[in-house]
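Please look over the sequence and the model shown here before reading on. The paragraphs below then lead through it step by step.

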Amino acid sequence: MGRIKRPTKRVANTGQGGFEFGPAPVPTATERKPIRDDRFLDDDPYHIMIGDRRLDQLLVANDMRWVVELRQLMVSLDYSLLTATYSARGRCALHPRTVLGLIVYGLCLKQLSLRELEQLSVANIGAWWITGGRRIDHSTIGKFVQLHEEVLGAEFVTALTAWVVHRLRLRPGLSSIDGTVVESAASRWQLVQAEAAALAAAAARQAAGTEPSHSALQRNAEAAEEVARIGAQRCAKRTQQGKPTDTVVVASSDPDAVVQPRKDKVKRPAYKASTLMHEGGVIIGQHVDPSSETAAVDRLLEQHQEVFAQLPPTVLLDAAYHHGELLGDLAEQGIDVLCPSGKAMGDDDWEKRGVKGLFAKNQFRYDDQRDVYVCPANAVLNYADQGKDARGRRYRRYRTAACRSCELRSQCTRGQHGRSIKRYAGDEYKEAMAVVLRQPRAREVYRQRMRIAETVHAEFRERFGLRRFRRRGLAAVRAEFGLYCIAFNLKRALRDVAVFIVVVASSRQGQRSWPAVGTHTLFLRIVLLTQTE
């Protein structure tokens with residue numbers, strides 16, 4: 001008996017689709033902003049489908065709308081500072097926005113190493129949307145950062161900051177400067193004393209001289225000489241300050257780093273990373289110095305000038321910046337400064353306290369008409385002599401003979417010759433600052449400093465994972481810190497744009513008060529943004 005042939009019919013796919021009931025329309029080329037430059041590969045992600053849904057739809061449905069909005073921000077940036085270094089010959093390269101977008105996305109997820117970023121481009125759907133589905137090798141990411149090292153640490157960060165400021169419609173206002181210690185990538189087990197570095201450099205140069213054609217020996221000799229040179233510079237500086245040089249050490253793997261205490265007081269090779277924060281939550285200026293926070297102030301003010309076309313009207317500083325010369329320079333530039341000498345955490349610690357419970361210098365009142373100091377016991381300290389301290393700063397010394405019979409001597413000095421006060425150039429600015437900070441209104445303004453300045457470094461440490469730099473050398477570290485600042489500012493712009501979109505969508509429901517569903521949508525959106533921070 002033969003087979004019975006029955007009519008067949010192909011059943012349509014009845015799988016449950018998304019809530020959109022079909023794919024969303026593809027944006028126009030103007031909205032997508034494809035890469036038109038023949039030097040670069042395009043990173044258009046709108047062709048990526050997962051099942052029957054486009055990738056951006058899947059991201060939105062899975063509470064990852066911020067990734068879609070992040071790409072929208074990335075394609076809106078001007079990359080001319082980065083694309084100028086690429087040649088029209090040879091194979092097409094990845095566009096800077098593709099690689100930089102992956103780096104920013106990885107920093108938001110605390111994926112910091114090159115290998116982790118490469119793995120993101122392979123196995124993370126958010127990274128697929130950022131890179132257009134292209135796998136980016138770890139070596140490509142490293143070469144990108146190295147190629148644009150100088151620009152990423154300075155000009156590009158400033159240009160991006162100006163773009164963010166314009167987008168958020170910020171105006172010059174209350175600003176704060178603060179710095180933090182970030183450990184270097186150098187190993188603490190590779191610290192060498194300056195004398196040992198000089199001997200190692202001589203041995204390396206001798207070995208290189210025997211084989212001039214050996215490139216590895218030549219590179220080793222150059223690196224050893226650089227370590228010895230930096231060690232000699234630090235020894236000369238300490239000698240000028242009258243300090244011993246036997247404690248000078250240099251990290252052979254990162255000689256630019258300086259051994260200094262971290263926040264937990266443990267000494268490690270590290271750098272000082274400083275930021276100038278706007279009260280709107282945007283990093284306006286950033287700079288990395290081997291060991292000084294005050295050395296970064298001029299560069300931070302220059303960046304504020306480049307972004308806003310003017311200097312900040314008011315700057316809040318902590319006690320680490322309480323130097324007469326710095327306060328004087330800021331005052332001469334027309335900047336209102338609030339900078340206490342104490343911790344300013346309560347009501348009675350706004351001025352610096354004396355060492356070991358003794359009277360501090362600020363408890364001695366200076367009379368500029370008579371050119372004398374008046375001590376807490378109302379004794380007069382007259383001008384005695386002048387000189388230079390270990391840092392080369394000139395001072396005028398004031399003494400009194402009343403210490404011998406003073407009842408407060410035990411609270412003032414333990415010196416055999418009584419108490420003396422040194423007056424430096426710029427002390428008048430410190431005294432004026434103390435008078436200003438006694439006003440309640442000035443203290444009320446200054447209490448905003450912690451909210452403005454401290455949050456950025458806390459976010460770098462806790463949410464971005466910046467506890468230690470991964471690159472070596474001052475220029476490389478500045479580029480790395482610049483990437484963190486780029487990610488922070490884009491995240492700030494992303495958070496503002498996302499909330500703005502939800503508010504507009506909810507307000508379109510009519511002129512009446514928001515219904516419960518609109519309020520619920522706004523609440524969920526803010527929770528989502530908080531989770532992605």
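Predicted model: local features only at pLDDT ≥ 70, side-chain atom pairs only at ≥ 80, totals over all residues.

Residues are numbered from 1 along each chain as its sequence is written, and side-chain values use heavy atoms, with hydrogens and water left out.

The chain has 20 helices and 17 strands, where helices (H or I, at least four residues) and strands (E, at least two) are DSSP runs numbered from the N terminus. Of its 533 residues, 46% count as buried; buried means under 20% relative accessible area, exposed over 50%, and partly exposed in between, with a 1.4 Å probe and protein chains only. The chain exposes about 29400 Å², of which carbon and sulfur atoms supply 51%, the areas coming from the Shrake-Rupley method with a 1.4 Å probe and, for residues, with only the protein chains shown counting as cover. Among contacts in the chain with a separation of 6 or more, 64% are accounted for by residues 24 or more positions apart, a contact meaning heavy atoms within 4.5 Å.

One such place to look is glycine 101, which sits in helix H5 (residues 96-108) and is buried, with a relative accessible area of 1%. Leaving aside neighbours within four places in sequence, glycine 101 is in contact with Met74, Pro96 and Ile130; the C-alpha atoms of glycine 101 and isoleucine 130, 29 residues apart along the chain, are separated by 6.1 Å.

Beyond H5, in the loop between H5 and helix H6 (114-123), lies lysine 110, whose phi is near 60 degrees, a positive value in a residue other than glycine. Most residues other than glycine have a negative phi. Lysine 110 counts as partly exposed because its relative accessibility is 41%. Aspartate 371, in the loop between strand E13 (365-367) and strand E14 (372-374), likewise has a positive phi, near 55 degrees, and at 22% relative accessibility counts as partly exposed.

A search of the whole structure finds 26 salt bridges, each defined as a side-chain nitrogen of Lys or Arg within 4 Å of a carboxyl oxygen of Asp or Glu. In helix H13 (residues 297-308), arginine 299 and glutamate 302 lie three residues apart, about one turn of the helix, and form a salt bridge with their closest N and O atoms 3.2 Å apart. Helix H17 (residues 440-446) holds arginine 441 and glutamate 444, also three residues apart, and their side chains meet in a salt bridge at 3.6 Å, N to O. Within this pair, arginine 441 is exposed at 55%, whereas glutamate 444 is partly exposed at 47%.

Which residues form a negative surface patch? Asp298, Glu325, Asp329 and Glu332 do, where patches are made of residues with over 30% relative accessible area and no salt bridge, like charges being joined within 9 Å and nonpolar side chains (Val, Leu, Ile, Met, Phe, Trp, Tyr) within 5 Å. Lys and Arg count as positive and Asp and Glu as negative, with His and the chain ends not counted, and the place of a charge is taken as NZ of Lys, CZ of Arg, CG of Asp or CD of Glu. Helix H14 (residues 324-332) gives the most to this patch, with three residues. Aspartate 329 is found in H14 and is partly exposed, with a relative accessible area of 41%.
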